[in-house]
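Please look over the model shown below before reading the notes that follow.

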Amino acid sequence: MKKTKHLLLAVTSAVMALIVAFAVGCDCKKKPEAPKGDGAKALQSIELDTSNAKLLYITPNKYSSSANENYTSDGLVIKASFKYESGKTEVADVLPSDSGVYIDKTSIKSNEKNNYIAGTYEIKVHYTYENNSYNKSYNIVVKEEAAGLAVNFKSDAVTSYTLTKDAPTVDLSGAASWIEVRKPDNFGVVDMNSAPISSGYDVKVMLGKTEVAGDALNQCGPGAYQIWASMPYDASKPDGHKVSAFVIVYINDTLTSLTFKSGATSQTMGADVMTETWKFNAVYESGIEKELSIADVTVTGVNTRKITAAGKASVSYTSYGITVKTEVSYVINKPVGVVEYSVTYASDGTKLAAEWGENIGSDDDLSMSSSVSTFKTSAKQTEDGRQFLNYCEIKDSKTVTLVFGNGVKADSINITAYVLHNNTTDTRTARITRGGNVLSSVAIAPVGGVAAPYVLRLQLQNASAGIYTIDGDSSKGINLYAIEITYTVDYGA
């Protein structure tokens, strides 16, 4: 046994000696290990995947006791792009709950009840990985909870009736059974495949602003009848805000005729005072008769400024898509004695509009026509303080023409036109002509290197019947604010 131990010791010593000798004789150096994998990675950018994120939120309206939908980042995925030292790239999904992610939702506004205010809000997403940070944003929409009701006719309901002599009324007492009522969802969308509400709502029938109830529902005449359903918006608040909606049942009565019933059919020439007295009678298929005033019908062909013994007015009335017409004969008598007239044609911003004095003259005695098409606004005044706002441009052969008939008394016509221009260098002349002859003119000159400061008067006095033209001697334009005219007609006894 001792021999064996001595032998093992000797062998071991020899081996160690060889190892030491090899180490002493070897001149090699230790080389560094090759790096493992692709090395460190750095964040390059981020993108947001909102395909599964909640983007639409409902906030309670002022009538509701439902809870606010608070913002959640659930479903949001951050697509983070990385690059390794080796040059390799990868995209990894990062969740809002992961380290380095911050969601900034401070843009969302709330009211005093801590309910979100309806609107569109930007949500900013920040992601930091080691020393690199990036951010992206996406929008959420907050909508106020819809507060409404949906009312529809049942498929077998009759929604339109036409009256006859044999059936002059319609029974609407069963109207409550003709409708279906549903509540929209929070977004205001109605699921027409859902079962209608069976109870909890009230029904009433309205004709215009008047409720039709009791025995009156059994005999309804022509009209558009509204069948209303209403109920509390919030079941926990039965006395609170109500939501309502309606459908319409049309009861038609075919209009058959229109006749003139009463009213003045003659007057002295001037302002229209007769048509406001006119009354008409409309007759329907059911036998119903309806009295109409001038406000109910359309009247054309009445000219109370033209003396005539054979005037014809066309009158029409439309009811339930049917139009009928009638005709009214009228007489316009000439005034008696000497009548003085005054009229002003002034720009109202779109046209030259007539404003008569105490008496309104005849078309046969005075008519105005104009080819001007440019109307503008510029506040100006005459030197004595007469104020004007609107004007029309007379240029490029544009004119205003006044035609006075032979009934106008000789030497009684007086015309005053208010004119100006805004040029700082030109002197331009406004004119009143007759038959190509200039009867009156006024030169409008700049003053001190600026446009003329005041509106000037172009006047013609003591003129007689004929055709007069107001224009300018320059294609560059005259600004016409108004034309004042006086004249006299002697109609005799």
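Strands (E, at least two residues) and helices (H or I, at least four) are DSSP runs, numbered from the N terminus. This is a predicted model, in which local features need pLDDT of at least 70 and side-chain atom pairs count only at pLDDT 80 or more, while totals for chains, interfaces and linings use all residues. Residues are numbered from 1 along each chain as its sequence is written, and side-chain values use heavy atoms, with hydrogens and water left out.

**Confidence**
- The mean pLDDT (the predictor's confidence in each residue, from 0 to 100) of the chain is 91, and 93% of its residues reach 70 or more.
- Over residues 1-35 the pLDDT is below 50, and this stretch has zero contacts (heavy atoms within 4.5 Å) beyond near neighbours in sequence.
- Where pLDDT is low, the predicted coordinates should not be read in detail.

**Strand β2**
- Leu 56 belongs to strand β2, which spans residues 56-59.
- Leu 56 counts as partly exposed because its relative accessibility is 30%, where partly exposed lies between buried (under 20% relative accessible area) and exposed (over 50%), with a 1.4 Å probe and protein chains only.

**Strand β22 and Ile 483**
- Thr 344 is placed in strand β22 (residues 338-347), and its relative accessibility of 22% makes it partly exposed.
- Leaving aside neighbours within four places in sequence, Thr 344 is in contact with residues including Ala 353, Glu 355 and Ile 483.
- Not counting residues up to four places away in sequence, Ile 483 touches Val 343, Thr 344 and Tyr 345, among them, as well as Ile 470.
- Between Thr 344 and Lys 183 there are 61 Å in space, C-alpha to C-alpha, and the two are 161 residues apart in sequence.
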